Amino acid sequence: MKIKQTSFLLFIMVLGLSSCYYDVEEELYPTGSSCDTSNVSFAKDIYPVFNSNCNLSGCHNSASNQAGFSFEGYDNLKKNIENTAVLGSIKHLAGFSQMPQSRSKLSSCTILKIEQWKNNGAPNN
């Protein structure tokens, strides 16, 4: 009888302790986005990202041209952004090589800007 009471008391304590955790929804799932995609510019927003993350020696510059992709210059980037593999890779979607390789995933805001630029027709602005 004593073992059952002790077990029951221990169960109630564990249950009570685990239920005292409070998440702040706003911290876990921020709703206010500080990502402005209204005036995405190739020169200001897009090319610097590809230049510092993709146009590296041994990666996707004109000399290396890994996997047939060169992101050096506007013409190459515009041509290649239409390929679904580019966005699939930078978004780390299943079935695509995660890019940039051996580096952290690009920020959500950066990815949104790239998508918006592509959706706007990939202008040279």
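This is a predicted model: local features need pLDDT of at least 70, side-chain atom pairs count only at pLDDT 80 or more; totals for chains, interfaces and linings use all residues.
## Overall fold

The protein chain is helical, with 6 helices and 0 strands. Read from the N terminus, its elements run α-α-α-α-α-α.

The chain has 125 residues, and 26% of them are buried. Contacts also reach along the sequence. Take those between residues at least 6 apart: 50% of them join residues at least 24 apart.

## The disulfide

How many disulfides does the count give? It comes to 1. The partners are Cys 35 and Cys 109, with sulfur atoms 2.1 Å apart. That lies within the 2.5 Å cut-off for a disulfide. The link between Cys 35 and Cys 109 is right-handed, with 85° about the S-S bond.

This pair links distant parts of the chain. Cys 35 sits in the loop between α2 (25–28) and α3. Cys 109 belongs to helix α6, residues 108–119.

Cys 35 has a relative accessible area of 16%, so it is buried. Cys 109 has 25%, so it is partly exposed. The cut-off for buried is under 20%.

Cys 54 is buried, at 10% relative accessibility.

Cys 59 is in no disulfide. Its nearest cysteine sulfur is that of Cys 54, again 7.9 Å away. Is Cys 59 buried or partly exposed? Its relative accessible area is 28%, so Cys 59 is partly exposed.

## Aromatic residues

The structure holds 5 aromatic pairs. One of them joins Phe 42 and Tyr 47. Their ring centres are 5.4 Å apart, and their planes meet at 40°. The pair is therefore tilted, because planes under 30 degrees apart would count as stacked and those over 60 as edge-to-face.

Phe 42 is buried, with a relative accessible area of 7%. Tyr 47 is partly exposed, at 22% relative accessibility.

Together with Tyr 74 and Trp 117, they form one aromatic cluster.

## The largest pocket

The largest pocket has a volume of about 330 Å³. Its lining is made up of 20 residues. Which of them lie nearest the centre? These are His 60, Phe 71, Ser 89, Met 99 and Gln 101.

Two elements give two or more residues to the lining: α3 (42–53) and α5 (84–90). The largest share comes from α5, with 4 residues.

By residue class, the lining of the largest pocket divides into 12 nonpolar, 7 polar and 1 charged.

## Points to take to the structure

Then find the cluster of Phe 42, Tyr 47, Tyr 74 and Trp 117. Finish at the largest pocket, where α5 gives 4 residues to the lining.

Technical notes. Residues are numbered from 1 along each chain as its sequence is written. Side-chain values use heavy atoms; hydrogens and water are left out. On a 1 Å grid over the protein atoms alone, a cavity is a set of points where a 1.4 Å probe fits but cannot get out, and a pocket is an open set with protein on both sides within 12 Å along at least five of seven lines; lining residues have an atom within 4 Å of a point. Grid points are joined across faces, edges and corners, and a volume is the space filled by probe spheres set on the points. Ala, Val, Leu, Ile, Met, Phe, Trp, Tyr, Cys and Pro count as nonpolar, Asp, Glu, Lys and Arg as charged, and the others, Gly among them, as polar. Rings of Phe, Tyr and Trp (its six-membered ring) pair if their centres lie within 6.5 Å; planes under 30 degrees apart count as stacked, over 60 as edge-to-face and the rest as tilted. Buried means under 20% relative accessible area, exposed over 50%, partly exposed in between (1.4 Å probe, protein chains only). Contact means heavy atoms within 4.5 Å.
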